[in-house]
Amino acid sequence: MARRRGAAAIRPLALVGALAVDAAFGDPGGSWHPVAVLGRGLGLAYRPWAARRPALQLAGGAAALALAAGIAGAAAAAAERRVNRAGQFAVPLSALVLKPTFALRELLAEGLAVRSDLERPDLAAARLRLRALVSRPTAELPEALVASAA
């Protein structure tokens, strides 16, 4: 039970540490970023289902996504077990493990850049930049929705 309490105490400190790392260094991105690796893996897993009937595409896609989520969850659990055994280094190691799961600095920077484009006013540039923040088409969005999404 004491180990569980210790792990629970580490989590908020790790989040603060991860936010500090994000503020200081941002998101390195690149082909080995966890999101990029996951995207490539899902692309490979979806490919066999692409030419199938819609129901099979849905089932195959759901299975691929469930597998990816399971792998990510298992990796996170293994990382947390290892970090919890790191003694005085548990908080900084947890922060470094947690950091790649978000990019707050980049999200805020992109949102501010969209706002700047709208204030100029350059709706076309704002729509283009908004693509970094949303997964929907932005080319036809009215100004109010561009501002709201950013």
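The buried residues of helix α6 pack against α5 (104-119) and α7 (143-149). Here buried means under 20% relative accessible area and exposed over 50%, with partly exposed in between (1.4 Å probe, protein chains only). Helices (H or I, at least four residues) are DSSP runs numbered from the N terminus. This is a predicted model, in which local features need pLDDT of at least 70 and side-chain atom pairs count only at pLDDT 80 or more, while totals for chains, interfaces and linings use all residues. Residues are numbered from 1 along each chain as its sequence is written, and side-chain values use heavy atoms, with hydrogens and water left out.

- In α6 (residues 123-130), the buried residues are Ala-126, Arg-127 and Leu-130.
- These residues lie on the same side of α6 because they cover an arc of only 100 degrees around the axis, the arc being that of the directions from the helix axis to the C-beta atoms.
- An α-helix has 3.6 residues a turn, so residues three or four places apart point the same way.
- Ala-124 and Leu-128 are exposed on the other side of α6.
- Pro-121 is placed in the loop between α5 and α6.
- Arg-120 and Pro-121 are joined by a cis peptide bond, with omega about -5 degrees.

**Asp-22 in helix α1**

- Asp-22 belongs to helix α1 (residues 2-25).
- With a relative accessible area of 2%, Asp-22 is buried.
- A polar atom of the Asp-22 side chain lies 3.2 Å from the backbone nitrogen of Leu-104, and the side chain of Asp-22 also reaches the backbone nitrogen of Arg-105, at 2.7 Å.
- Neighbours within four places in sequence aside, the residues in contact with Asp-22 (heavy atoms within 4.5 Å) include Asp-27, Lys-99, Phe-102 and Glu-106.

**The largest pocket**

- The volume of the largest pocket is about 760 Å³.
- A pocket is an open set of points on a 1 Å grid over the protein atoms alone where a 1.4 Å probe fits, with protein on both sides within 12 Å along at least five of seven lines; lining residues have an atom within 4 Å of a point.
- Of the 28 lining residues, Ala-72, Ala-75, Ala-76, Val-97 and Thr-101 are the closest to the centre of the largest pocket.
- At least two lining residues come from each of α1, α2 (34-46), α3 (54-84) and α4 (90-98).
- Helix α3 gives the largest share of this lining, twelve residues.
- The lining consists of 22 nonpolar, four polar and two charged residues.

Technical notes. A polar contact is a pair of N or O atoms within 3.5 Å; within protein, one must be able to donate a hydrogen and the other to accept it, and residues adjacent in sequence count only if both atoms are side-chain atoms. Grid points are joined across faces, edges and corners, and a volume is the space filled by probe spheres set on the points. Ala, Val, Leu, Ile, Met, Phe, Trp, Tyr, Cys and Pro count as nonpolar, Asp, Glu, Lys and Arg as charged, and the others, Gly among them, as polar.
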